[in-house]
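Please examine the sequence and the structure before reading on.

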Amino acid sequence: MSFAMAAEQAKALLELELKGAFPDPRGRFGPFGGRYVPETLVPALDRLEEGVRRYLHAPDFQEDFVAELTGWVGRPTPLTQARALSRRWGAEVWLKREDLAHTGAHKINNAVGQALLAKRLGARRIVAETGAGQHGVASAAACARLGLPCVVYMGAVDTERQAPNVGRMKLLGADVVPVTSGDATLRAAIDEALRDWVSDPMGTYYLLGSAVGPHPYPYLVRELQSVIGREARQQMIERAGGLPDAAVACVGGGSNAIGLFHPFMNDPGVELLGVEAGGRGPGLGDNSATLSFGRPGVLQGCYTMLLQDEDGQVQETHSVSAGLDYSGVGPEHSLLMVTGRVRYQQATDEEALEALGECCHAEGILPAIETAHAFAGARRWARDNPGKRILIGLSGRGDKDMPTLQKTLLKGMP
Ligand SMILES: *Cc1c(COP(=O)(O)O)cnc(C)c1O
């Protein structure tokens with residue numbers, strides 16, 4: 001698939017996307033997505049796909065899901081009018097507060113939804129992967145809540161770097177297994193979780209943390225996270241008096257962004273803006289801006305845009321935010337980029353940290369460093385669109401980032 005897709009082909013794909021035709025029955029989002037996995041994984045994925053088809057939209061499953069979201073996660077999360085940022089940026093700024101969801105970010109929506117699905121499928125234990133530890137914490141919490149044993153695979157490098165989250169997972173009852181193979185970070189942790197799942201596909205459920213991986217995960221995660229955009233859309237109409245002119249979110253694997261964007265897909269007046277981690281700059285290995293600098297390829301079961309070198313070797317990435325530090329991106333985002341429905345740009349480490357500081361001062365909210373990338377992109381958009389209304393997906397809170405902030409923003413502060 002050539003990156004420079006013919007305009008007509010892109011237009012036809014966009015029409016299909018807006019009609020809700022993706023993923024198609026083969027799990028594809030246009031040319032992207034699908035299921036590129038070893039033979040041994042197929043039965044487990046087939047079983048999961050069947051379970052998703054049977055339960056996800058069934059009224060009694062949805063009833064249980066909504067009950068957990070309301071009574072335990074704390075939904076609906078508020079919509080906050082950002083008065084000071086609005087004055088500073090010369091636009092009308094609104095914040096969708098996923099930082100106020102239980103465990104501090106949007107990840108819990110997906111974790112509790114999939115844990116409920118695992119119970120329906122009769123799983124006796126859950127395995128999950130985690131990089132920075134946020135998805136591990138959300139999974140451990142959801143499993144404790146639903147009475148499921150939980151094993152979290154985490155790269156050995158990350159268990160060192162993210163020691164406080166390892167402690168949180170243990171307190172929540174999870175078994176944290178350090179992975180020393182491969183790069184000993186997120187990618188190796190995903191491989192290890194998949195290996196575990198394959199050895200017992202009936203009794204074990206693999207709780208994947210973003211809108212990535214083989215079909216049906218990108219679809220499943222999108223459906224569970226779309227609660228963000230559905231609530232935000234309704235709240236904008238009720239509180240702001242109408243839809244936003246733009247909605248913006250940060251993009252790592254892409255789950256909070258697709259969750260925010262999806263319910264606005266058929267609102268042509270709402271511009272959608274995804275912000276990737278521009279890191280130290282455009283050089284290979286200096287960023288995690290997959291859609292800006294990547295080319296299509298296969299990673300962890302999925303055909304999508306990837307950061308790779310000339311020979312197709314997947315590249316190590318860099319970002320000041322651990323949660324955006326991944327060399328792939330969800331396949332639906334790859335499609336939304338080529339069709340042009342979503343515009344993707346980047347914010348560098350420095351721009352994100354500056355935006356984080358501004359949000360703290362102006363609004364009294366400490367966002368996650370991941371989220372701060374969305375603020376940097378939103379500020380740029382606001383300056384280009386004076387007086388317009390913008391909605392920011394505030395994906396999580398920044399308390400977890402204190403060690404990094406001590407070494408960066410706070411350095412030299414009296
Ligand atoms: C994990 C995380 C992200 C990135 O993951 P997506 O799947 O791209 O949403 C963004 N923000 C926060 C707060 C996170 O914890």
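A polar atom in the side chain of Thr339 lies 3.3 Å from the backbone oxygen of Leu336. The model is a predicted one.

- Thr339 belongs to helix α14, which covers residues 331-339.
- The relative accessible area of Thr339 is 10%, and residues under 20% count as buried, so Thr339 is buried.
- When residues up to four places away in sequence are not counted, Thr339 touches Ala10, Leu13 and Leu14.

**Aromatic pairs**

- A pair of aromatic rings is described by two quantities, namely the distance of the centres and the angle of the planes.
- The count of aromatic pairs in this model comes to six.
- One of these pairs is formed by Tyr206 and Tyr217, with 5.9 Å from centre to centre and 65 degrees between the planes.
- An angle over 60 degrees counts as edge-to-face, and the pair of Tyr206 and Tyr217 is therefore edge-to-face.
- Tyr206 lies in strand β8 (residues 204-207) and Tyr217 lies in helix α10 (residues 217-225), so their pair ties together parts that are 11 residues apart in sequence.
- Tyr206 is buried, with a relative accessible area of 1%, and Tyr217 also counts as buried, at 0% relative accessibility.
- Elsewhere, Phe32, Tyr36 and Tyr303 are linked into a cluster by ring pairs.

Technical notes
Residues numbered from 1 in each chain as written. Predicted model: local features only at pLDDT ≥ 70, side-chain atom pairs only at ≥ 80, totals over all residues. Heavy atoms only, no water. Phe/Tyr/Trp six-rings, centres within 6.5 Å; stacked < 30°, edge-to-face > 60°. Helix = DSSP H or I, 4+ residues; strand = E, 2+ residues; numbered from the N terminus. Buried < 20%, exposed > 50% of the residue type's maximum accessible area, 1.4 Å probe, protein only. Polar contact = N/O pair within 3.5 Å; in protein donor to acceptor, adjacent residues only side chain to side chain. Contact = heavy atoms within 4.5 Å.
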